[in-house]
Each structure stands twice: as C-alpha cells, then as structure tokens.
Amino acid sequence: MARAKLALNGLSVGDALGETCFRTHNWYAILEDPRATTRGPWPWTDDTAMALSIYDVLDEHGAIDQDALARRFAARYKAQPGRGYGAGARRLLDNINHGMPWQAASEAVFAGGSYGNGSAMRIAPLAGYFAEDAYPDIAEQARLSAGPTHAHPEGIAGAIAVALAGAYAWKHRETRALDAVKRGLFDVALANTSRSDVRRGIEPAAALAFDLSIETAASLLGNGRQITCQDTVPFCLWVAAHFLDDYQTALVRTIRGGGDIDTNCAIVGGIVALAVGVDGIPPDWLADREELVI
C-alpha cells in the first residue's frame, strides 16, 4: 500500500497541476517557470477520483475485485459528480447507480465498449501495489481493473501498458537515469501488452529519439486530444521513459505537449513517481494539490 500511495500521489499531483494548465495563462506560465502556477489547493479531477477507488479496493481486497471496484466508481461519482467526468463515464456510472450490472453498463456505453483513456489515467496505484510481481500478473490485474468501465480491447490494452510501465519504473528505480533503462520501459510494455492499436502505437514511440522536441513527439504519437487510449498512451510512455529520473521536468514537458493535459500528467506523474519516490515530487506541488482523504 505504501507503493500504491506513492503512485497515487504522483498521479494526483499531475492531474491537479495539469487541470490548472487548461487555463491559458497558467499553461504559458509553467512553460516559463514550473513553479509559477496558481496557488493551491489545486482541485483534482475524475482521474484521481477513480484512482482512489482502485486504491481503496486494493486496500480492502488485496487484488482487483471487479464488483467492488464498479461499486466504488459509481458511489464516488454519485458523491461528487462535478469532478470532470466525460459524458460516456457519466452515463455508465449513472446506469450502475440505477441498478444495471456493470458488465452490461460497460458493454452498452459505446458500441463495442469504451476505449477512452480513463482506463489508463487511473491505473498507477495498481502498478505500485503489484510492482514486485511478474509482468503477466500485473497485466492481468490491469485487465480486471479496466473491465467495469472499458469493455473494448483498446481500453484494456491502455490500462495494461501503463500499469506495466509503472511497475517497471519501480523495479528499476535505482538505475532510472541510465538511457538503456529508460528504453527498457518500452520493451516491457511491448512484450506484455496485448495486440492492439495501443501496442502498435508504442512501437514508434520506442524508436523515437529522446532529443526530439515535445511538440514533435506529440505530433507523431498523439497527445490525448482524441481522449482515447490509442492517442494517449504511446505519448505518455515516451515522456515518462524520457524523464524517468525527473518528475518535475516530466510534467512540465507533458504540459507543453498539450492535448488532454490533466490525464496525460496523471499518467506520466504516476509512472515517474514510482521511479523517483516521494522526495522526487516537488514538495510545494504536493502541498498545493487538494488533499486526498485515504
């Protein structure tokens, strides 16, 4: 649970900071000075709300119990519906709250199920919790975590790829600054993520030079503008791998990439926190994030 909490902190600070940067003056300010952000508390969004549900279920069950997770997602949404949930998520969680089985709700929300990036944005606590386990076991738990809201194979693949990256970051935290270690993150994701457009998007990310500008990387890989796993996960893995040893720079560069900024920052922040530890998260950023009750 200590690892899960570390990942949750990294995710939630990224989420909250990224959300402030949707306001243009903050976005430009942080490009000039990473600490020139709106003073706290920075409200976190649905990214953190759903991650908190994963954290709670792991604490109570020691693994992903899909029924319990669906109930947690729905109850937390009902208690605070204004956290920025997308239209599809609102419809799905409303259906669960009105008694629809989560299996039916997940399959009905979109034709074929959802492949939105919500399955990936919330996964970091799971990556931390299972970080000492084998990668196939981590992938299976990630698959289970996606199911209550993401029936589509791409939504599942996005959750798996990010969970693997987070666990890899923890396993290699002592050597995180080495270029070969950073590149190894892609190898693990490619070896253990199911065949999908998400996986096919990680392949060019793995080949992309780290000296490219963040704008170029975003233009080649996507930056979450389409709110899909396919358009979000490859870019986030590239940024996280590139800056695996520097949480602050990782988030600043993620923000510069634009797109779905809060979700991108949640994904990158959760991965990199597992490599750098809580001391690697700027303490004023942690203090300015809205308090988590866990």
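This is a predicted model: local features need pLDDT of at least 70, side-chain atom pairs count only at pLDDT 80 or more; totals for chains, interfaces and linings use all residues.
Trainee: Let's start with a helix. Which residues of α13 are buried?

Mentor: Helix α13 covers residues 214–221, and its buried residues are Ile214, Ala217, Ala218 and Leu221.

Trainee: Where do those sit when you look down the axis of α13?

Mentor: They fall within an arc of 100°, so they line one face of the helix.

Trainee: OK, and what do the buried residues of α13 pack against?

Mentor: Three other helices: α12, α14 (229–242) and α15 (247–256).

Trainee: Which residues are exposed on the other side of α13?

Mentor: Ser219 and Leu220.

Trainee: Tell me about Leu220. Why does it count as exposed?

Mentor: Leu220 has a relative accessible area of 54%, and exposed means over 50%.

Trainee: How far is Leu220 from Ala205?

Mentor: Their C-alpha atoms are separated by 8.6 Å, and the two residues are 15 places apart along the chain.

Trainee: What follows α13?

Mentor: Gly222 does, with a positive phi near 95°. Another positive phi turns up at Ile227, about 60°, although Ile227 is not a glycine. Ile227 lies in the loop between α13 and α14.

Trainee: Is Ile227 buried, exposed or partly exposed?

Mentor: Partly exposed, at 42% relative accessibility.

Trainee: How does the lining divide into nonpolar, polar and charged?

Mentor: There are 10 nonpolar, 13 polar and 7 charged residues in the lining.

Trainee: Switching topic: where is Ser12?

Mentor: Ser12 lies in helix α1, which runs over residues 2–20. Ser12 is buried, with a relative accessible area of 0%.

Trainee: What does Ser12 touch?

Mentor: Setting aside neighbours within four places in sequence, Ser12 is in contact with Thr48, Arg289 and Leu292. With Arg289 there's a polar contact of 3.0 Å between the two side chains.

Trainee: And how far is Ser12 from Gly270?

Mentor: In sequence they're 258 residues apart, but in space they're 7.8 Å apart, C-alpha to C-alpha.

Trainee: What about Thr193, where does that lie?

Mentor: In the loop between α11 (179–192) and α12 (197–207).

Trainee: Buried or exposed?

Mentor: Thr193 is buried, because its relative accessible area is 6%, and the cut-off for buried is under 20%.

Trainee: Which backbone oxygen lies 2.6 Å from a polar atom of the Thr193 side chain?

Mentor: The one of Ala189. Leaving out neighbours within four places in sequence, Thr193 is also in contact with Ala157, Ile160, Ala161, Leu164 and Arg199.

Trainee: Let's finish with α14. What does Val233 touch?

Mentor: Val233 is in helix α14 and is buried, with a relative accessible area of 0%. Not counting residues up to four places away in sequence, Val233 touches Ala120, Gly158, Ala161, Val162, Val198 and Ile202.

Trainee: And Ala241, what's that one up against?

Mentor: Ala241 lies in helix α14 too, and at 0% relative accessibility Ala241 counts as buried. With residues up to four places away in sequence not counted, Ala241 touches Lys182, Leu185, Phe186 and Phe210.

Trainee: How far is Ala241 from Pro43?

Mentor: Their C-alpha atoms are separated by 27 Å, and the two are 198 residues apart along the chain.

Key:
Residues are numbered from 1 along each chain as its sequence is written. Side-chain values use heavy atoms; hydrogens and water are left out. Helices (H or I, at least four residues) and strands (E, at least two) are DSSP runs, numbered from the N terminus. Buried means under 20% relative accessible area, exposed over 50%, partly exposed in between (1.4 Å probe, protein chains only). A polar contact is a pair of N or O atoms within 3.5 Å; within protein, one must be able to donate a hydrogen and the other to accept it, and residues adjacent in sequence count only if both atoms are side-chain atoms. Contact means heavy atoms within 4.5 Å. The arc is that of the directions from the helix axis to the C-beta atoms. Ala, Val, Leu, Ile, Met, Phe, Trp, Tyr, Cys and Pro count as nonpolar, Asp, Glu, Lys and Arg as charged, and the others, Gly among them, as polar.
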